[in-house]
Amino acid sequence: MATAAPTAAPTPFAGRTLEISATNNVFSIKDVEVAAGQDFEITFKNNDDGSHAIYVTEGVRPIVMQSLDDYRNGPYPFKGEYIKGPSASTTYHVAALAAGAYQFFCPPHRDMVISLTVK
Ligand SMILES: [Cu+2]
């Protein structure tokens, strides 16, 4: 028997290109779900004067990092190039991810995170 869908489910992403922007050090979405085992693209627009990037980390990004080099270098499943705004944009090509819980994050900005569910 069918049950009601949960109301707090991540935003489904049915296409191949995910659109994300950054404005005032905030990403335009909070959470998203993508299909496991399928490459996808991110069209990323930076509306700020400074630089932003999108990296992918598996699980939840640790709050306390062992070293700045570890934090910058990963390993991460995906590391996007930095772009400097305002009104700059790029397209990232993200290789297929295995099912699991991930985050998109911007390395210099602790609060810039998006929950990424891959399933
Ligand atoms: Cu940033």
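This report describes the fold, strand pairing and nonpolar core of a predicted protein model.

## Basis

Local features are reported at pLDDT of at least 70 and side-chain atom pairs at pLDDT 80 or more, while totals for chains, interfaces and linings use all residues. Numbering starts from 1 along each chain as its sequence is written.

## Overall architecture

The protein contains 1 helix and 11 strands, where helices (H or I, at least four residues) and strands (E, at least two) are DSSP runs numbered from the N terminus. The order of elements from the N terminus is β-β-β-β-β-β-α-β-β-β-β-β.

Of the 119 residues, 19% are buried, that is, with 20 or more other C-beta atoms, placed from the backbone, within 10 Å of their own. Among contacts (C-beta atoms, placed from the backbone, within 7 Å) with a separation of 6 or more, 67% join residues 24 or more positions apart.

## Strand pairing

Strands count as paired if DSSP finds at least two bridges between them. Strand 4 (residues 40-46) pairs with strand 1 (residues 17-23) in the parallel sense over 6 bridges, and Glu19 stands opposite Thr43 of strand 4. Strand 4 also pairs with strand 9 (residues 88-94), in the antiparallel sense over 7 bridges; here Glu41 stands opposite His93.

## Nonpolar core

A nonpolar core is a set of buried Ala, Val, Leu, Ile, Met, Phe, Trp, Tyr and Cys residues joined through C-beta atoms within 7 Å. The largest has 18 residues, of which Ile42, Ile54, Tyr102, Phe104, Leu116 and Val118 touch the most other members. Strand 1, strand 4, strand 10 (100-106) and strand 11 (109-118) each give two or more residues to this core, and strand 10 supplies the largest share, 4 residues.

Beyond its neighbours within four places in sequence, Phe104 is in contact with Ile54, Val56, Val113, Ile114 and Leu116.

Definitions and conventions:
Buried ≥ 20, exposed ≤ 12 C-beta atoms within 10 Å, placed from the backbone. Contact = placed C-beta atoms within 7 Å.
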